[in-house]
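Please look through the structure below with its strands, helices and aromatic rings in mind.

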Amino acid sequence: MPGIRRVSDGMSLGVILGFPPEIAEELQRWRASFGDPMATVIPAHITLVTTTPTQDWEAARDHVREVARTQAPFMVTIAGTGSFRPVSPVVFINVEEGFGACVELHEKLQTGPLERELPFAYHPHVTIAHDVAPESLDEAETVLKEYRATFPVVSMGLYEHDADGIWQLREELDFGTEPDGERDTLRAADADGAAATH
């Protein structure tokens, strides 16, 4: 039927670390204040996997689930500002504590069904102004240079880039746990095993 897209037609996905609501909302307000039109569309986040095409959503999803299952929660501190100028008109907040954990997580994710060559080396960051006037980029870099926030990261979001170009959350995957269905299966298997030993 027209308008219905099968998984085999190919999709694009992304994986991000979300922030506690109060921090995300504060950064969203700042991003809007610099005139960035994406402030109301894109919540504050750290990208782990940028837009990546896949012909097999199930394989990609299972891979992301497995990485989440083996990942321990970790702390993140974001502080100070930086810029990708002149290569890209982006100002960001730096990832201090947790930088190495983000890189390791990215490297685990960008394997198997998500393996691909990236045009730039992965650099965890929090975008606060993108593709706005140079003076607005300057303002963002200056105003938030003393900004600092620390919070635990306990999950990551698997997103689909849909046909309308909008990111849709498909699953929020807790670190160090099985997805609900698998968890129930394992719990039943453990109970059977325990019963067999007594």
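S155 has D174 in β8 as its bridge partner. The two strands involved are β7, residues 155-161, and β8; they run antiparallel and are joined by seven bridges. The model in which this pairing is found is a predicted one. β7 and β8 belong to an open sheet of four strands, ordered β2-β1-β7-β8, with antiparallel pairing. At its edges are β2 (45-54) and β8 (167-174), each of which pairs on one side only. From one strand to the next, the twist averages 20 degrees.

Helix α2 lies across β1 (11-18), β2, β7 and β8, and runs at about 165 degrees to β7. Helix α3, residues 99-109, lies across β1, β2 and β7, and its direction is at about 10 degrees to β2.

S12 is placed in strand β1. Is S12 buried or exposed? Its relative accessibility is 18%, and because the limit for buried is under 20%, S12 counts as buried. Which residues is S12 in contact with, leaving aside its neighbours within four places in sequence? They are T51, T52, P53, W57, Y159, E160, H161 and W167.

β3 (residues 74-83) and β4 form a hairpin, and six residues lie between them. The two strands run antiparallel and five bridges join them; within the pairing, G82 stands opposite F92 in β4. β4 is also joined by five bridges to strand β5, residues 125-130, again with an antiparallel run. There, H130 in β5 is the bridge partner of V90. Strand β4, residues 90-95, is mostly covered, with five of its six residues buried.

The aromatic rings come next. A pair of aromatic rings is described by the distance of the centres and the angle of the planes. The structure holds four aromatic pairs. In one of them, F19 and F151, the ring centres are 4.8 Å apart and the planes are at 55 degrees, so the pair is tilted. This pair links distant parts of the chain: F19 is in the loop between β1 and α1 (21-33), F151 is in strand β6 (residues 148-153), and 132 residues separate them. F19 counts as buried at 11% relative accessibility, and F151 counts as buried at 2%. Another pair is made by F84 and F92, with centres 4.5 Å apart and planes at 40 degrees, so this pair is tilted as well. What is the relative accessible area of F84? The value is 27%, which makes F84 partly exposed. F92, with a relative accessible area of 4%, is buried.

F19 also has a place in the core. The largest nonpolar core has 43 residues, and those with the most contacts inside it are L17, F19, I78 and M156. Helix α2 (residues 57-69) gives the most to this core, namely five residues. For I78, with neighbours within four places in sequence left aside, the contacts include F19, L27, I93, V95, V126 and F151. Both rings of the F19 and F151 pair are thus among the residues that I78 is in contact with.

The chain as a whole can now be set around these parts. There are five helices and eight strands in it, and from the N terminus on the elements run β-α-β-α-β-β-α-β-α-β-β-β-α. Of its 198 residues, 40% count as buried. How much of the contact pattern joins residues at least 24 apart? Among contacts between residues at least 6 apart in sequence, the share is 74%. The chain exposes about 10900 Å², of which carbon and sulfur atoms supply 54%.

Technical notes:
Residues numbered from 1 in each chain as written. Predicted model: local features only at pLDDT ≥ 70, side-chain atom pairs only at ≥ 80, totals over all residues. Heavy atoms only, no water. Core = buried A, V, L, I, M, F, W, Y, C linked by side-chain atoms within 4.5 Å. Buried < 20%, exposed > 50% of the residue type's maximum accessible area, 1.4 Å probe, protein only. Contact = heavy atoms within 4.5 Å. Areas by Shrake-Rupley, 256 points an atom, 1.4 Å probe, with all protein chains shown as cover. Pairing = 2+ DSSP bridges. Axes fitted to C-alpha atoms, helices over the stretch in contact; angles between N-to-C directions. Phe/Tyr/Trp six-rings, centres within 6.5 Å; stacked < 30°, edge-to-face > 60°.
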